[in-house]
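Start with the view below, then read the points by topic.

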Amino acid sequence: QNSMSAALYSYSLNNVNSPPNVGFVESNSAGEGVFVSPYLSDFDNTKRIKFWTKLQVLTSTQNLSIIVGTVKNPLDLSTFEPFQVFPLSGSYQSGQEFTVDFSTYTGDSKHIAFKTSGYVSDGGYTTNRIFFDDIYYTTIPDCSEPIDVTFSQTNHNSSLLQWENAGTVQSTRIEYGLSGFT
């Protein structure tokens, strides 16, 4: 028998992106859990969402993924329409940020939904509890943001900055200055 729960809790966790508040979706066995947004009256193909996820436990994964989509009626999950799938693995146990760009969205739903599929097993305990944190709903910016930004070889007068481009970036412009510059 599968069960499903979704809740917002105030955790005293230091291992989520911005404690203490975090949402999670969980179901046991190979069931599915769903986390649905409030009604978004302005939702269309000019929007995006950014969010952090973290797996609670991880010994082995069984096709664990987050499916981001839309739902016409949050009380009828058969109206869920998948939009983008993010397969998860052990690398997401420490947390990972995802961005969903809805620029190719052609539907008319006004709710975004996060659906989990698959499960993790940890010493006989089976779950797919995935924490969601820092969910941002915004207009798609004109300029792509870098992803996976890292600093290395840092010393008193230099640092090596590396990043990945999101999408098809033709050129990059870097601006920097003292703290507080714009």
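Rings of Phe, Tyr and Trp (its six-membered ring) pair if their centres lie within 6.5 Å; planes under 30 degrees apart count as stacked, over 60 as edge-to-face and the rest as tilted. Ring pairs link F35, F51, F86, F98, F114 and F132 into a cluster. This is a predicted model: local features need pLDDT of at least 70, side-chain atom pairs count only at pLDDT 80 or more, and totals for chains, interfaces and linings use all residues. Residues are numbered from 1 along each chain as its sequence is written, and side-chain values use heavy atoms, with hydrogens and water left out.

**Aromatic pairs**

- The ring rule gives a count of 14 aromatic pairs.
- F51 and F86 pair edge-to-face, at 6.2 Å centre to centre and 80 degrees between the planes.
- This pair joins distant parts of the chain, 35 residues apart: F51 is in strand β4 (residues 47-55) and F86 in strand β6 (residues 80-87). Strands (E, at least two residues) are DSSP runs, numbered from the N terminus.
- F51 and F86 are both buried, meaning under 20% relative accessible area (1.4 Å probe, protein chains only).
- F114 and F132 form a tilted pair, at 5.1 Å centre to centre and 55 degrees between the planes.
- F114 in strand β8 (residues 112-122) and F132 in strand β10 (residues 130-139) are 18 residues apart, so this pair also links distant parts of the chain.

**Burial of the second pair**

- F114 counts as buried because its relative accessibility is 4%.
- F132 counts as buried because its relative accessibility is 2%.

**S65**

- S65 lies in strand β5 (residues 60-71).
- S65 is buried, with a relative accessible area of 10%.
- Beyond neighbours within four places in sequence, S65 is in contact (heavy atoms within 4.5 Å) with residues including F86, P87 and K115.

How values were computed: Helix = DSSP H or I, 4+ residues; strand = E, 2+ residues; numbered from the N terminus. Buried < 20%, exposed > 50% of the residue type's maximum accessible area, 1.4 Å probe, protein only.
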